[in-house]
Amino acid sequence: MRRLLLVLLLMLGTAMVPVAPATATAANAFDHRHAAWDALLAKHVRVLDGGNASQVRYTGMQVDRALLAAYLASLSAVTEADYASWSRSLRLAFLINAYNAFTVELVLGKYPDLKSIKDLGSLFQSPWKKTFISLLGQQRSLDDVEHALIRAPGAFDDPRIHVALVCASVGCPMLRNEAFTGERLDAQLEDAMRRFFADRSRNRFDSANGKLQVSKIFDWYGKDFAQGYAGFHTLAATFARYAEQLADTPGARARVRSGDYRLEFLDYDWRLNDAR
């Protein structure tokens with residue numbers, strides 16, 4: 001009888017224990033693997049040119065738009081307090097993925113009736129200034145995400161973000177077929193730099209005339225590559241760092257490393273990076 005009473009008391013005590021707050025928190029925690037976005041990219045990004053370029057199957061993204069919407073909602077649900085508690089790499093991966101995913105959503109709003117993301121703008125407002133993104137408690141534009149959050153002085157200062165943010169255009173660096181994650185961010189950004197410089201449609205050294213022809217990105221954001229972050233002190237030093245990818249022969253690579261070239265910025269191709 002005494003043993004039965006003891007069992008009953010233990011059962012009653014267990015039933016009265018409240019659910020631990022940590023359990024609820026874990027259930028609602030943000031997925032830093034960005035698994036939903038990762039799956040969409042793996043399914044709808046076509047990698048080209050030996051892995052140095054890509055196209056997006058917007059038709060497929062449109063079919064899976066509800067899945068994209070659910071991922072965007074998960075981004076929008078993150079509070080400023082949550083964001084502030086994360087590590088630097090988790091925050092930057094979050095913002096890069098948000099920029100790219102919301103860019104796809106913007107394109108889908110008019111797809112297939114557009115040839116360029118610029119078709120989404122007007123004489124009075126560029127598509128990058130449209131306020132349609134709910135992020136960290138505010139309504140924002142793509143420009144807000146890029147310039148006010150990612151490129152804000154002292155926030156991250158990593159110039160490699162310019163090969164990670166993709167503006168849905170042929171001239172852009174490739175959209176990766178995987179999400180950026182905090183634990184792999186540095187390696188992913190470095191890989192993106194190598195792939196971008198190895199893409200001859202965007203960056204190349206022409207030995208015949210001594211020209212180093214590079215993306216207009218390095219004209220627009222050259223100062224970002226001259227702030228000293230992680231050894232990026234000048235544009236010339238940046239090109240020297242990736243001479244192996246920019247040039248095809250030992251002699252040509254030596255010229256890039258020594259700065260023996262005339263620099264030329266290529267015209268930007270604003271056509272939609274569509275796989276149709």
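# Reading the terms in this predicted model

Q: What makes a nonpolar core, and which residues have the most contacts inside the largest one?
A: The largest nonpolar core holds 77 residues, and Trp37, Tyr58, Leu75, Phe94, Ile96, Leu135 and Phe239 have the most contacts inside it. Helix α7 gives the most to this core, with 13 residues. The name nonpolar core is for a set of buried Ala, Val, Leu, Ile, Met, Phe, Trp, Tyr and Cys residues joined through side-chain atoms within 4.5 Å. This is a predicted model, where local features need pLDDT of at least 70 and side-chain atom pairs count only at pLDDT 80 or more, while totals for chains, interfaces and linings use all residues. Residues are numbered from 1 along each chain as its sequence is written, and side-chain values use heavy atoms, with hydrogens and water left out.

Q: What makes a run of residues a helix or a strand, and how many of each are there?
A: Both are DSSP runs numbered from the N terminus: a helix is H or I with at least four residues, a strand is E with at least two. The protein has 13 helices and 7 strands.

Q: Which residues does Trp37 contact, leaving aside its neighbours within four places in sequence?
A: Contact means heavy atoms within 4.5 Å. By that rule, Trp37 is in contact with Met61, Leu68, Tyr71, Asn97, Asn100, Ala101, Val104 and Ala179.

Q: Why is α5 called oblique to α7?
A: Helix α5 (residues 65-76) and helix α7 (residues 88-108) pack at an angle of about 140°, and their axes are 10 Å apart. Angles under 35 degrees are roughly parallel, over 145 roughly antiparallel, 65 to 115 roughly perpendicular, and the rest oblique. The angle therefore makes α5 oblique to α7.

Q: Which classes of residue make up the contact of α5 with α7?
A: From α5, Arg65, Leu68, Tyr71, Leu72, Leu75 and Ser76 take part, meeting residues of α7 that include Phe94, Ala101 and Leu108. By class, the contact has 10 nonpolar, 2 polar and 2 charged residues. Here Ala, Val, Leu, Ile, Met, Phe, Trp, Tyr, Cys and Pro count as nonpolar, Asp, Glu, Lys and Arg as charged, and the others, Gly among them, as polar.

Q: How do you know whether Leu136 and Asp49 are buried, exposed or partly exposed?
A: Buried means under 20% relative accessible area, exposed over 50%, and partly exposed in between (1.4 Å probe, protein chains only). Leu136 has 3% relative accessibility, so Leu136 counts as buried. Asp49, with a relative accessible area of 43%, is therefore partly exposed.

Q: What makes the phi values of Asp49 and Leu136 worth a look?
A: Most residues other than glycine have a negative phi. Asp49, in the loop between β1 (45-48) and β2 (53-56), has a positive phi of about 50° although it is not a glycine. Leu136, in the loop between β3 and β4 (138-140), also has a positive phi, near 55°.

Q: Which two residues does a cis peptide bond join?
A: Tyr111 and Pro112 are joined by it, with omega of about 10°. Pro112 is found in the loop between α7 and β3 (133-135).

Q: Why does His162 count as buried, and what does His162 touch?
A: Its relative accessibility is 4%, so His162 counts as buried. Not counting residues up to four places away in sequence, His162 touches Glu146, Arg151, Pro173, Ile217, Tyr221, Asp224 and Phe225. The loop between α8 and α9 (185-198) is where His162 is found.

Methods. Axes fitted to C-alpha atoms, helices over the stretch in contact; angles between N-to-C directions.
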